[in-house]
Amino acid sequence: MTRGPAGAVLTMEPSITILIVSDDRLFADAVAALVAERADLRLLDGDAGADGRADVVLVDAAADRAPALARTAQARDRHAEAKLLVLGIEREDEDLVDFIEAGAQGYVLQSTSPADLVAAVHAIHRGQTTCSPRVAARVVARIIALQRRDKPQRELVLLPLTPREREILGHLSIGLRNKEIGHRLRITAQTVKNHVHSILDKLGVQHRRQAVRLAYELGLLAGPR
């Protein structure tokens with residue numbers, strides 16, 4: 001047996017094979033050192049990652065939102081049978097939902113303790129969704145907020161988007177945030193936010209990713225998604 005957080009006794013499980021996905025050598029080495037000290041964990045060489053089979057993939061998501069999401073989605077595509085645990089930073093509620101949609105079964109902060117990280121690896125390997133307490137609270141709050149905003153399905157005839165809303169929708173489709181869009185269009189982030197809310201209401205969706213997906217389906221945005 002081994003001891004988890006607060007001295008809790010964990011039942012010994014078969015060795016869990018871990019693959020670390022990160023461009024940060026210091027981060028990867030730190031996590032590898034932690035794994036090396038554990039009899040219940042085994043590190044899969046990153047060079048063999050394409051051929052070896054990982055039970056749990058630890059994805060470094062400390063980078064900016066877009067590359068971190070891309071890395072998560074690529075890890076999901078490459079290791080479809082593995083459990084995906086993202087190690088990231090504090091993010092906006094909407095971004096946390098994006099990581100779950102990208103295929104992560106868990107999201108813990110990189111500041112989490114080694115014992116809590118090991119416990120999260122075991123939990124996700126057992127099929128449990130796991131998050132750092134602060135992350136979990138924010139995700140639950142976000143889900144509740146979305147449920148409260150839920151509305152009956154709109155009629156097939158949708159309210160038309162203004163030229164500005166279509167322009168902003170195009171920027172949303174490439175993953176830009178409100179502040180980035182405002183900088184490009186020379187308007188304030190609050191003005192962009194107001195336009196985004198209008199777009200969501202007109203399309204009858206609750207999330208900007210849903211808006212982009214529906215826009216492609218309706219032909220409001222050109223090109224493959």
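I will start with how to read the model and then go through those topics in turn.

This is a predicted model, in which local features need pLDDT of at least 70 and side-chain atom pairs count only at pLDDT 80 or more, while totals for chains, interfaces and linings use all residues. Residues are numbered from 1 along each chain as its sequence is written, and side-chain values use heavy atoms, with hydrogens and water left out.

First, the chain as a whole. There are nine helices and eight strands; these are DSSP runs, with helices being H or I of at least four residues and strands E of at least two, numbered from the N terminus. Of the 225 residues, 42% are buried, meaning under 20% relative accessible area with a 1.4 Å probe, protein chains only. Taking contacts (heavy atoms within 4.5 Å) between residues at least 6 apart in sequence, 65% join residues at least 24 apart.

On a 1 Å grid over the protein atoms alone, a cavity is a set of points where a 1.4 Å probe fits but cannot get out, and a pocket is an open set with protein on both sides within 12 Å along at least five of seven lines; lining residues have an atom within 4 Å of a point. Volume is the space filled by probe spheres set on the points, which are joined across faces, edges and corners.

How many cavities of 30 Å³ or more does the structure hold? One. The largest cavity has about 40 Å³ of space. Its lining is I18, V31, L34, V35, L41, L58, L117, V118 and V121, and by class that is nine nonpolar, no polar and no charged residues. Helix 1 (25-36) and helix 4 (114-125) each give at least two of the lining residues.

The second largest pocket holds about 280 Å³. Fifteen residues, 15 in figures, line this pocket, with R65, L172, S173, G175 and R209 nearest its centre. The classes here are eight nonpolar, two polar and five charged, where Gly counts as polar. Helix 2 (65-78) and helix 9 (208-218) each contribute at least two lining residues.

Last, there is one aromatic pair. The ring centres of F99 and Y107 are 5.3 Å apart and the planes lie at 65°, so the pair is edge-to-face; the cut-offs are centres within 6.5 Å and planes over 60 degrees apart. F99, at 0% relative accessibility, is buried, and Y107 is buried at 2%.

Methods. Buried < 20%, exposed > 50% of the residue type's maximum accessible area, 1.4 Å probe, protein only. Phe/Tyr/Trp six-rings, centres within 6.5 Å; stacked < 30°, edge-to-face > 60°.
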